[in-house]
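Please keep the sequence and the model in view while reading.

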Amino acid sequence: MKNYLTLSPEELATEREVLETAYERVKRRHLSLNIARGLPSSRQLALSDGLLTAVTGDDTKSESGAETRQYGVPDGIPEAARLLARIAGTSPEHVIVTGTSSLNTMYDALSAAMLFGSCEGGIPWCRQDTIKFICVVPGYDRHFAMTELFGIEMVNVRMTETGPDMDAVETLVRDPAVKGMWCVPKFANPTGVTYSTETVRRIASLRPASRDFRIFWDNAYAVHDFIGHTDLLDILSLTEGTENEDMVWEFVSTAKITLPGGGISAFVSGKNNLAWFRKSMSKRTICYDKVNQLRHARFLPDEEALKKQMEKHAAVIRPKFETVLAAFDRDLAGTGIASYSRPTGGYFISLDVLPGTAGEVWRLCSEAGLTLTKAGATFPYGKDPDDRNLRIAPTYPELPEVEAASEVITLCVRLAAVRKLMAERTSNEKSVFGD
Ligand SMILES: Cc1ncc(COP(=O)(O)O)c(C=O)c1O
């Protein structure tokens, strides 16, 4: 592809005409496409149909002998704890099995920290002056929305190819007002970055000024490789027995392994944090849904079953990512106006467009019948300072729609860029020659 940044004014004008015509043609197709949220497709949902019959009326007991239809066993049944520990890459004694959503578990942990402090004897965060969270950007919009709801100030730290910019993180945690940091350590939403060994080690050995500082280690995509296998260090084993033993709260779920909204999730940490979490949990609920825990444990009883399930997801997902990336490579590579991630797992592709045009690309797509995650959503307060990042979520639609959506995206990225470049040139000329 031609580099748009080096085109002459005449070449830009010709390109613009071509793109405007193509855009009008797309609009006339009255498309209705959605590539906005990271949802599994219906083919993926069907991969977990075995769950629906995994527990029957005459076989509802856990291996521990507990009746799963009854109250009790607030920490969760052992076979479910084993499954979630396997996903987190840790051992079951670090696990409290929670409800159907890890986001809910994060919210519960955050609200307990706000109301009662993040550790035994800690001062409730809501009673401290300004409190701040480190937010790796671009990142997960729901983390940011939750943090904003609690009135916590968010501080952006740039994502690099190996994880968060650790020099910035190490400096920021010297501020006692910094109480938390959101991390999606494997196949981060939306960049697809997995934190390198060095990054995980540096996080594990941070020196925060506040004893009640907590890392929210949202390991949502722990086993969600769709090409090969990417390793992530187990941060809990790095912090165990050190002065940072209580610094990390890990969260996992089966949302994108079995059923989103209907999976099982966990709070995963060391013994002090588990005791701290249990304290508010035991007032909040008598126990979580153990029938759901049992059917998950029976459906995915061992490492092999989990691996097979994820391979089946990968087979459905992989071609969709390949389709988007093929369109991006064809239409955007070498143009100088876009760069994008090439993930090997997770649910998203991060697309950076010409600075100052992400909102316009979103608007153009929307007008052409394609819903994208709102521009800015991958940043705290919905504000992308460079108006540059867009999150692409290709898993939900079927392949033909993914293909059609990718074409609309690349067209809109180019059109918005050409319009902006032409407008800039015009205003530069005006300022050179005076008005
Ligand atoms: C990083 C991240 N964390 C958590 C979730 C939600 O997980 P759950 O359904 O277990 O609440 C998602 C869903 O997209 C996610 O991307």
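## Surroundings of the ligand

A residue is near a molecule if its C-beta atom, placed from the backbone, lies within 6 Å of it. The structure discussed here is a predicted model. There are 13 residues around the ligand, and those that come nearest are Ser 101, Ser 102, Leu 103, Ser 253 and Ala 255.

Sorted by class, the shell around the ligand consists of 6 nonpolar, 6 polar and 1 charged residues.

## Val 223

Val 223 is located in the loop that lies between β7 and α8. Is this residue, Val 223, buried or exposed? A residue is buried if 20 or more other C-beta atoms lie within 10 Å of its own. Val 223 counts as buried because it has 22 C-beta neighbours inside 10 Å.

When neighbours within four places in sequence are left aside, Val 223 is in contact with Ile 87, Ile 257, Leu 306 and Met 310.

## Helix α7

Helix α7 spans residues 197–204, and its buried residues are Thr 199, Val 200, Ile 203 and Ala 204. These residues lie on the same side of α7, because they cover an arc of only 135° around the axis. The exposed residues Thr 197 and Glu 198 are carried by the face of α7 turned away from the buried side.

An open sheet is formed by 3 strands in the order β10-β11-β13, with antiparallel pairing. Its edge strands, β10 (338–340) and β13 (389–392), each pair on one side only. From one strand to the next, the twist averages 20°.

Strand β11 covers residues 349–353 and is joined to β13 by 4 bridges, the two strands running antiparallel. Within this pairing, Asp 352 has Asn 389 in β13 as its bridge partner. Helix α12, made up of residues 358–367, lies across β11 and β13 and runs at about 40° to β13.

Note on methods:
Residues are numbered from 1 along each chain as its sequence is written. This is a predicted model: local features need pLDDT of at least 70, side-chain atom pairs count only at pLDDT 80 or more; totals for chains, interfaces and linings use all residues. A residue is buried if 20 or more other C-beta atoms lie within 10 Å of its own, exposed if 12 or fewer, and partly exposed in between; C-beta atoms are placed from the backbone. The arc is that of the directions from the helix axis to the C-beta atoms. Two strands pair if DSSP finds at least two bridges between them. Axes are lines fitted to C-alpha atoms, for helices over the stretch in contact, and angles run from 0 to 180 degrees between N-to-C directions. Two residues are in contact if their C-beta atoms, placed from the backbone, lie within 7 Å. Ala, Val, Leu, Ile, Met, Phe, Trp, Tyr, Cys and Pro count as nonpolar, Asp, Glu, Lys and Arg as charged, and the others, Gly among them, as polar.
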